[in-house]
Amino acid sequence: MVIPQPIGVVAAITPWNFPASMITRKLAPALAAGCTVVLKPAPETPLTAYQIVKILEEVGIPKGVVNLVTGDAVSIGQCWMNHPDVRLITFTGSTEVGKLLMKGSADHVKKLSLELGGHAPIIVFDDADLDLAAEMTLASKFRNCGQTCICANRVYVQKTIWDDFLEKLKEKVRRLSIDIGAKETADIGPLINEEAVQKVQRHLEDAVQKGASVVYGGKRWDGPYPGYFFEPTLLVNVTKEMRVMNEETFGPLLPLQPFEEEEEAIRQANDTPYGLAAYIFTDSIHRAYRVMEKLEYGIIGINDVFPAVAEAPFGGVKQSGLGKEGGKEGIFEFVELKYVSMGIRPS
């Protein structure tokens, strides 16, 4: 027999950018597997976590099953990495922090489930529906102001359609409305804090200094509200040496680069230590399968930039993480498999 059993105490660390879903996608399978959870939300968004835990109390979750802690991330993390009762650390956040958790958990050979940074490419082939590709690229890059782990970080466009695609995308970006979230007409809101704005600015300045050109946007928004707003920005004439082509910007800055042949696009897309999500736009099913199999990513969208659904496994390869969340595969992060061999005596 093979028996799945709950792994034990789960320590969950969640980010700020989707403060409800990042918590529930860890809590739900942990509880379903029979584990208890200690949850540490991001310091930027603790109140969502507080309300979720209050709801769980109201519906009758026994005390001690779901526990909420806030405070100094380093000291909390050290406690979890060193405490033998914590059997799994599940973390969504940066690759740098994920590496620290791996190192700190080594003494106890603690299990880790890590959903880390990404640098998602979009490849637009010359047989794609350009209107769809431009609309989906816009949606991928600029939703949540570019603050998603699977949003587009760079776009590769086949040379024969470069001018048409760039014009379509530029026109769509021009129509985006920057405003506060309370306005129903808002398409682009603020970044999370000043450091996020400064990171976008650093990536932009580095690219321009190395030869990139701004075709739209390129500065902080000077609208009627103070805050952490930055214009949606498109860059061309980009090269591999630029930070924006190597590091996750986590903001509304999008570089575009032309390519000639299919293999060139695949090589450029894979030329990164990250492997979370990648996207292909093509009307050829043969090309879609051919390219999908060669892309070194845990999630592939074909004519689709919203691949995250509850019924499918979500997670990356390479330095984008270990393990999966969601789908039937996700619950296996929270169990250990016990194999039982039973000898039968003859009667």
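Reader: Why is F250 called partly exposed?

Author: In this predicted model, F250 has a relative accessible area of 21%. Buried means under 20% and exposed means over 50%, with partly exposed in between, so F250 at 21% is partly exposed.

Reader: Why is W16 called buried?

Author: The relative accessible area of W16 is 19%. The limit for buried is under 20%, and W16 is therefore counted as buried.

Reader: What makes the rings of W16 and F250 a pair, and of which kind?

Author: Their centres lie 5.9 Å apart, and rings pair if the centres lie within 6.5 Å. The planes stand at 90°; because angles over 60 degrees count as edge-to-face, that is the name of this pair.

Reader: Where in the chain do W16 and F250 lie?

Author: W16 is in the loop between β2 (9-13) and α1 (21-33), while F250 is in the loop between β10 (233-236) and β11 (253-259). The two are 234 residues apart, and the pair links distant parts of the chain.

Reader: How do you know that the pair of F125 and F259 is edge-to-face?

Author: The ring centres of F125 and F259 are 5.6 Å apart and the planes are at 85°. The distance is within 6.5 Å and the angle is over 60 degrees, so the pair is edge-to-face. F125 belongs to the loop between β7 (120-124) and α5, and F259 to strand β11, 134 residues away.

Reader: Are F125 and F259 buried or exposed?

Author: F125 has 0% relative accessibility, and F259 likewise has 0%. Buried means under 20%, so F125 is buried, and so is F259.

Reader: How many aromatic pairs are there, and which residues form a cluster?

Author: The count comes to 4 aromatic pairs. Ring pairs join W221, Y225 and F229 into a cluster.

Reader: Which residues touch the most other members of the largest nonpolar core?

Author: They are V124, F165, L256 and L295, in a core of 64 residues. Helix α5 (residues 130-142) gives the most to this core, with 6 residues. Beyond its neighbours within four places in sequence, F165 is in contact with several residues, including V124, L130, A133 and L256. A second, separate core has 19 residues, among them L27, A30, L56 and V66.

Reader: Why is I344 called exposed?

Author: I344 has 68% relative accessibility. Exposed means over 50%, so I344 counts as exposed. I344 lies in the segment after β17 (335-339) and, together with M1, I3 and M342, makes a nonpolar surface patch of about 450 Å².

Terms used:
Residues numbered from 1 in each chain as written. Predicted model: local features only at pLDDT ≥ 70, side-chain atom pairs only at ≥ 80, totals over all residues. Heavy atoms only, no water. Core = buried A, V, L, I, M, F, W, Y, C linked by side-chain atoms within 4.5 Å. Buried < 20%, exposed > 50% of the residue type's maximum accessible area, 1.4 Å probe, protein only. Helix = DSSP H or I, 4+ residues; strand = E, 2+ residues; numbered from the N terminus. Contact = heavy atoms within 4.5 Å. Patch = residues over 30% accessible without salt bridge, like charges linked within 9 Å, V, L, I, M, F, W, Y side chains within 5 Å. Areas by Shrake-Rupley, 256 points an atom, 1.4 Å probe, with all protein chains shown as cover. Salt bridge = Lys/Arg side-chain N within 4 Å of Asp/Glu carboxyl O. Phe/Tyr/Trp six-rings, centres within 6.5 Å; stacked < 30°, edge-to-face > 60°.
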